[in-house]
Each structure stands twice: as structure tokens, then as C-alpha cells.
Protein chains: 2
Amino acid sequence: MTEQQHGEQFDVVVVGGGAIGENVADRAGRTGLRVALVEHGLVGGECSYFACMPSKALLRPGGALAAARAVPGAAGAVSGGVDAAAAFAWRDETTHGWDDSSQVAWLDSTGITLLRGHARFVGPRTLEIAGGDAPRRVQARHAVVLATGSWPVMPDIPGLADVEPWTSRDATSAHAVPPRLLVLGGGVVGVEMATAYTELGSQVTLVVRGPRPLAGAESFAGDQVVTALRERGARVLLGSEVASVQKTPTGIAVTVTGDGAGTVEVDRVLVAAGRRPGTTELGVETIGLEPGRPIQVDDALCATGVDGGWLFAAGDVTGRTGTTHQGKYDARVAGDVVAARFGGEDDGRAAESGAKPWSRFRASADHQSVPQVVFSHPEVAWVGLTEAGARQAGLDVQVVDYDLADIAGASVFAKDYTGQGRLVVDRARGVVVGATFVGPEVAEMLHAATIAVVGEVPLDRLWHAVPAYPTVSEVWLRFLESAGL
Amino acid sequence: MTEQQHGEQFDVVVVGGGAIGENVADRAGRTGLRVALVEHGLVGGECSYFACMPSKALLRPGGALAAARAVPGAAGAVSGGVDAAAAFAWRDETTHGWDDSSQVAWLDSTGITLLRGHARFVGPRTLEIAGGDAPRRVQARHAVVLATGSWPVMPDIPGLADVEPWTSRDATSAHAVPPRLLVLGGGVVGVEMATAYTELGSQVTLVVRGPRPLAGAESFAGDQVVTALRERGARVLLGSEVASVQKTPTGIAVTVTGDGAGTVEVDRVLVAAGRRPGTTELGVETIGLEPGRPIQVDDALCATGVDGGWLFAAGDVTGRTGTTHQGKYDARVAGDVVAARFGGEDDGRAAESGAKPWSRFRASADHQSVPQVVFSHPEVAWVGLTEAGARQAGLDVQVVDYDLADIAGASVFAKDYTGQGRLVVDRARGVVVGATFVGPEVAEMLHAATIAVVGEVPLDRLWHAVPAYPTVSEVWLRFLESAGL
């Protein structure tokens, strides 16, 4: 075949220029491989512009004010709530006004070639890129890595499409607060946006299918979030579903069935009902995969459904994890595997090392210690297994619960501190396999648990890790005392 | 000898009913030993009533307001500063109005006998208790544990004694703010009280002998604290000493020598110039020890200067560590050792186990991982070795610095986040031996480092401990990337 038929050649082509693709490309290029990164939208992707960063910017003002209001001596200096216009302006700053030039400049500095446009397979290792600077065909000499993320699911609810529903992108990039907002879905996005818009001044109704939101977390987490949302004036309908949606002269009438059955009139509906992998427009059928399905990968992030070991994937598109940080972790592993296998490092050594847990060529943490933080108020942070998950895994489980309000450090952090901590211990090995914290600003407490889980630090060694007094982290001492040490 | 001469017998007598003594007594009693606790003041001690708790209560309002002011969307709702009266009232609440009945009730529930009064040795294992309910003599059948803490040093400065200087106790229990306050000393107490009283509305002058406060910390910590204090309107005189103090018609004239030489007129002087061990009034000369000196102990907290293995000590009185949390850790070890050696557990096993590092009968962490948090604004938190300490210990040191302002999670926590992180790595073993964080509310970030240090978790395993995005803890990823992973 000629160069004409092959198109332009790169050693590695990464499809998707979000945080995941950027990390794959960066690390894959470290052994001298020539790497291209394909992106049709903003370089930096969902997380920078439409998810983590803007959502956190919208949530932080309400959290900071609540924290100050909870402290005698500070409370008197606080009057009124979040200034929505100022919060939106700050959000605009954190997203650089949806301008990706700083991230493009970073790419340029690394030697990665940015190809603007939509990529679509036309055969193994060969992609056509359309809709960008100019249509072109590129071929990956060694590897293609998919990092195309995920897209919101739009449920098939009668009338929904006619009312211009928001997805998470609209909620995080809005410049006005709907007076009445219905949030459909009790996952992380639903809970965070219900919290943010309540604090921004909207009358929020959160509709949750199950008995509580945050189904993947310990049940007390979702329960405490519901209590707090209701205290702040939100309406939370549990065990409920949206049956239909209809425009009215004064807004949108939403018919709810289930435990919260009735009709709610709102001005906007936010759909936060899950996400599907970004594999529909990729031409994966030409390489034997099914569009709309996640790309199945092994622990080296190498696709299991394609022969030849040339296809990799990382992030949401794999269905493996659903967070930026864990996707970036997978991206680092994928990039290192690609760099080692194809870029001059000893392939055998990488493969051998990759066979061992906790090698840098193996994403071991995905199975044991995925952290998740929900920046609601209270914040919810967990890592590893929940009690239910640990029992399901057949472990001999010891559960240690501690009311964070009983920690001295919590009592001087806020007057009526409310929170809860749980440690899940594998009795057989004497190590922590999961931890959950719920409370104001507990997000930064999580990494201690993550290190304990990943490091498999035995409880009797953790006994010597002294938490500083009076911090909320002193719960670690109480956990261990409660566990019998 | 008769019972008359021996006095009342206990298996174990603990002298000092602060947090340290309480913990020793509690754990020593777990194998059935009969334990007495001697306290002349408030049960719960310095930390509960005059140190950690009240100081944190006075510091938290200013911290919470500063945090809210730093967030666009929240800042507009904050006007004015800390309400001193409300802060003092809250401080009164956290100290239960200096009433120890809840702690006495806890003691009662454990079966420990509380003896009110001052204890003084009259011979080995024999103490006289005076000034309490009734003078009495008690004898410890097995062990005496000293947990008498420490007392502020009053430097010999001309005129100082005549102006009723405050010690830390006065500063933390005050009910009015001196319009002008001079703080003498740049240790933890000096820095915390300079911060608190600045925020409570006092014009504070902090006099520091060295080039910066917090001499035991990495130098950037003290430097950032000085910058922040000055920004808040405090005057900080570095490289300076107080030469003399004199009453004037309008206040107190303080003559300063050194780099900040001059005269400062204030309304009150707070002396925070260090502490000495509480061994002056104990009659330790009758058991061969020197009053005023710390009680030297081994890693089982057993005194090395007394034969027979019956004398133990924990907390500030040992000169080993100067914090409540580390003193409590020593207390747990001491209590467990006493319970095992004298209370029916296999003595041999405890001794053998105590010979191993990280046994629960050996306070190994005192040498490797003492955490310290300064609740100034910014907060300063460190554990283990500083760079200088690691080099002095002869380690092959890798220092990894990271500007916390460059962490995405920091940029959405506060608009102009200022902070710094440092990891100190022992290259030979590939483990973290020290870490320092400076920034708003970094206190809860410390325990992750403490677990990493104590767990001796290798860097290449820490690589799999994924920090959640966007938290400030993501600095761990940056640390590791900067370290070459």
C-alpha cells in the first residue's frame, strides 16, 4: 500500500483529548514514540469544562458559607446566601471561559500532535478524521488508544425531548438560575447539582428512583445527604420516577409516580440519569466491536475484543470506572504500557512486571481502591469496598462505625457538627478494605484511607499512625480502638 | 511494715489526670489491675481546658470567615470580622466552663479511683497526696506512672514579673481582648495566639528570636505564616528579643533588641517561651531523680533512671514529645506495657514483642513519625523528618516540593489559594520519611502522610493510591510525578 492509502503515520493515535487522553498521550510519548491526539471539541475535555471543575466552583460558595455559619464568632458576620452572579463568574474563570488555548499550549510543549476533528475507524489502526482543519486519514503504526469518554443518557420519557431538558453540561455552564428546577437522578451529578442549585436559590425537586441517592455508597451517606438537602429547602422524592413531562403556560409539569407520586411544576428539568460510553460514532464496527458498548479492557488497558494487541482504552469509555481521577490513573498505566511495549523499553520486562499486582503496568487499584468524592453538603467520600460489597466479595468483614460529632476536632470545627465515618476491615488479613466519610469538608480526609487500603497497612501498624489533635482525622484512633486495638 | 505505713495500696498509681494520665489509667486497668489517678486540678488537664480545645475554638471563627471571604459567590455575604464575645462564649462551651464533671463521670465508669490532690514521692512506689479531700499516703504495688505534663517557662526579663504577664493559660481562657498585645515567642503557642488575637481584633506584636517562627518546621512554613500575619495587620519582629518591660501610665513599654529593636507599648504581654517538665514539686529527689529535669524513659515508657522497672512516664513530662496526640500515643503504650507486665498477660511475650519495632508495647512512632499541626492561618501540618532533619540523619534525601496553588482542587477551594507542600523521601528505601503542608485548612491532609510514613508504603505502591479529583490531596499525584514516577 502507498502512503496515500495509509494516510499520515503516527506511532500512537489517542482519540479523545480530555484529561484521560492527555495523560495517555503524555506518558506514551516518553520513550520517543510519535503521538497524535484527536479532539473535536475543547482540549481538556469534560472534566475541565463541563464536569469536575465548574461543578466544584458552583458548589464551593455554599459550602464555605455553611461552614462559616456553623461557627459561633463567625456566624454573625454572614448574612444572605450565595451570590449566583458572582458564583457563575468564578465558574467562568475556572473554565477559562471555555477556551482551551492553555491546554493546547501544554500539548505543543510536549511534542504531541493535535489533530482537530472527529475520528472514525475505517479499519484496524486506521482512522479517518473529519470535521476539523481538513479531512484526513491517519494510521497508527503501533497503537490506538480510545479515550472518548461518555455521554449523558436521555431517558425515553414522554414529552421530555420537547422541554429542552438540561444535561449536566447545561447545569454546569448555565448563567442563570431556574426559579424551579427538577433534577432527575440520584447519582453523583444529581446530588451535586441539586445541592448547588438549591444554594444558588432555586427551588429544587430531586427525583430518586431508589430508597436513597448515591446507591453505590454506604446507605448512611445518601440518608445524610437527603436530610441536609431537605433542611436547605429542597424537595427530595425517593422511590420515585418521572412518568411524563409536559409544557404548561407557566412552566413544565412533571408527573411523578411512586412514593412521591404527584405533579410538580418547574421551569427546567435536569436529566442526570447516567452515562453511556462514547463508542457510537467511532466506526468500531469496522474493527469487530459493537457501537454503543464499552470497550472491554484487561488490567493493562488493552482491549480484549480485538486481536493483535494494538487497541487500548482508558476512562469512561471502558465502563471500568466513572471518575476523572481513576480514568487518569488508567491513562497513566495505558500510556506506560504503550511506551514500554512499543517504544524501546524492554517489552518482556514490562509484560512480566505487568503480570504482578501493583506494577505500574497494571491498573490494580481499579479492583480494590477506587475513591469517590461527592462535593455535596455534607460531602461524601469513600474508597474501596462498602460493607455490602465486602460481604458480597466473601470477606470476613469487621465494620467499625464512628459518629464524627463525637470527635473533639469536629466539635471545634463546627458547633453542631454532623457526620459519620465507617471503616470496613478484612478480618483475615487485618487490613482496611474500605472507608466512608460523610460530613462538612471531609473530602481531604479520604486520601489517608486510600493509602491505607492500597498500602495494605495492617491495623496494628496503623495503630502507630497518630492523628493530630484536635483534627477530625482523630476518628482513625477511634476506629482502631473500636476495632479492639 | 504495716498498712498504716504503706498507706492505701493500688496496683498502679498514675500521677496527673490530663489526657495522658487518663489514657494510661484506662489501658493499665484493662487486665484487672486496680488503678488510682491523682489530680489536683481539673480532670482532663491542660489540653481540654487550657490548650488544644480552647485555642482551636478561638482560632476557628477567623479561619472560617477567611475561607468564605476567599470564595467568589460567598465573599459578598461576609461583612465584618470575628465577634470576640461570641467566640469567647463558644470557647467557654468547648471547655464546659472549666467544669470537669463529665470527665469525672467517665473515670467513675471505668473503675479507676480518682484521688484529688498533689502527689509527692516519699520513697519508691510510695506517694503522699496533699491538698485534696484529705492528706493520705498511697503505695503502688507494681507501678507509678508520671503524667504531670509541663509548665510555661517564665524568662528572667527585667520588669516582666511586675506587669502580670499572660501565659498560654491566660490567653486561652481570657474573656476580653487586650487592645494591644505583645506575644513573646515564635513556637506553636506564640503563632497560634498571635493569629487568634489578631483575628479577635487586637493589635498584635509577635517577637521571635530566630529568623522565623516554627523553628522545628520546614522554613517555608514559618515564612508563609509571617506573611499572612502581616497581611492581617500583625507586627512580626524577627531576630528579636525582649530586653526589658516597664509599666507606663498608658500601658506597658516593651524594649526590644535585635533586628526589630525599639520600644513597643502594649496593654498585655503573653509569654510563650517554651515549657519545662512538671517534675519540680514531685519529690523525685527521694527516688534518685533531679527535680526540674524530664523523666528519661525507654521506648516502653519505663524510666531509665530508676531501678526495678516500676516507674513509668508519658507525655510532656518525659521531654519526648510536646503534643497531646503523641503524648496519648505514649500513654497507650505505657498503659499496655503496665497491663501486660503486671496484670496477668504473659510478661515474657510482652517483653519479647516490645523488643520489635511497631509492637504495641513500643512507642516506635516517636522516633519516626510525630505529627504536628499548627492551627494558624494558613495552617501548618507536618510529620516525620524535615529536609534538614533527614540530611542530619544521614539519609540519601530526595525533596519534592509542590506549590499547592497549582493543584486544580486548590483553585476551586479558594480564588487566590496560597500554600505549599513538601515530601521528604529516603531514596535508599523508596519511602516517605517526612511531609509538610501549609495552606488553608490543610490539617486534615496530614494523616495521609502519617500513614505513608508509618506504613513505610513504597513510592511505587503509593502510585496506585489515587487522590480524588478535584481535591487538594491531588498534590500526592504531583509529588509522585515530580519524584520521577
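Cys52(A) is buried, at a relative accessible area of 15%. Here buried means under 20% relative accessible area, exposed means over 50%, and partly exposed lies in between, with a 1.4 Å probe and protein chains only. Cys302(B) also counts as buried, at 7% relative accessibility. A disulfide is a covalent bond between the sulfur atoms of two cysteines. The criterion applied was a pair of cysteine sulfur atoms within 2.5 Å. By this rule, zero disulfides were counted over all chains.

The model is predicted: local features need pLDDT of at least 70 and side-chain atom pairs pLDDT 80 or more, while totals for chains, interfaces and linings use all residues. Residues are numbered from 1 along each chain as its sequence is written, chains are lettered from A and ligands numbered from 1 in the order in which they are written, and side-chain values use heavy atoms, without hydrogens and water.

Chain A is divided into three parts: domain 1 (3–44 + 100–151 + 276–366), domain 2 (160–273) and domain 3 (378–482). These bounds come from an automatic or database domain assignment. The C-alpha centres of domain 1 and domain 3 of chain A are 36 Å apart. An unreviewed UniProt entry annotates residues 370–476 of chain A as "domain: Pyridine nucleotide-disulphide oxidoreductase dimerisation". UniProt positions follow the numbering used here, feature names are shortened, and annotations may be inferred rather than shown by experiment. The span 370–476 of chain A is 24% helix and 31% strand. Its end C-alpha atoms lie 20 Å apart. Helices (H or I, at least four residues) and strands (E, at least two) are DSSP runs, numbered from the N terminus.

Pro277(A) belongs to strand 15 (residues 275–277) of chain A. Pro277(A) is buried, with a relative accessible area of 12%. Trp151(A) is 126 residues away along the chain, yet the two C-alpha atoms are separated by 6.4 Å. Contact means heavy atoms within 4.5 Å. Leaving out residues up to four places away in sequence, Pro277(A) touches Gly149(A), Ser150(A), Gly292(A), Arg293(A), Pro294(A), Asp316(A) and Val317(A).

In chain B, helix 9 (residues 219–231) has 13 residues. It reaches 19 Å from first C-alpha to last, close to the 18 Å expected at 1.5 Å a residue. The expected span is 1.5 Å times one less than the number of residues. Buried residues of helix 9 of chain B include Phe220(B), Val225(B), Val226(B) and Leu229(B). Among the elements of chain B that cover the buried residues of helix 9 are helix 8 (188–199), strand 9 (203–207) and strand 21 (431–439). Just after helix 9, Gly233(B) takes a positive phi of about 100 degrees.

Helix 10 (residues 324–342) of chain B holds Asp336(B). This residue is buried, at 5% relative accessible area. Beyond its neighbours within four places in sequence, Asp336(B) contacts Arg27(B), Arg360(B) and Phe361(B).

Rings of Phe, Tyr and Trp (its six-membered ring) pair if their centres lie within 6.5 Å; planes under 30 degrees apart count as stacked, over 60 as edge-to-face and the rest as tilted. This rule gives 13 aromatic pairs over all chains. One of them, Phe312(B) with Phe342(B), is edge-to-face, at 6.4 Å centre to centre and 85 degrees between the planes. Phe312(B) lies in strand 16 (residues 311–313) and Phe342(B) in helix 10 of chain B, so the pair ties together parts that are 30 residues apart in sequence. Phe312(B) is buried at 0% relative accessible area, whereas Phe342(B) is partly exposed at 23%. In chain A, Phe437(A), Trp476(A) and Phe479(A) form one aromatic cluster.
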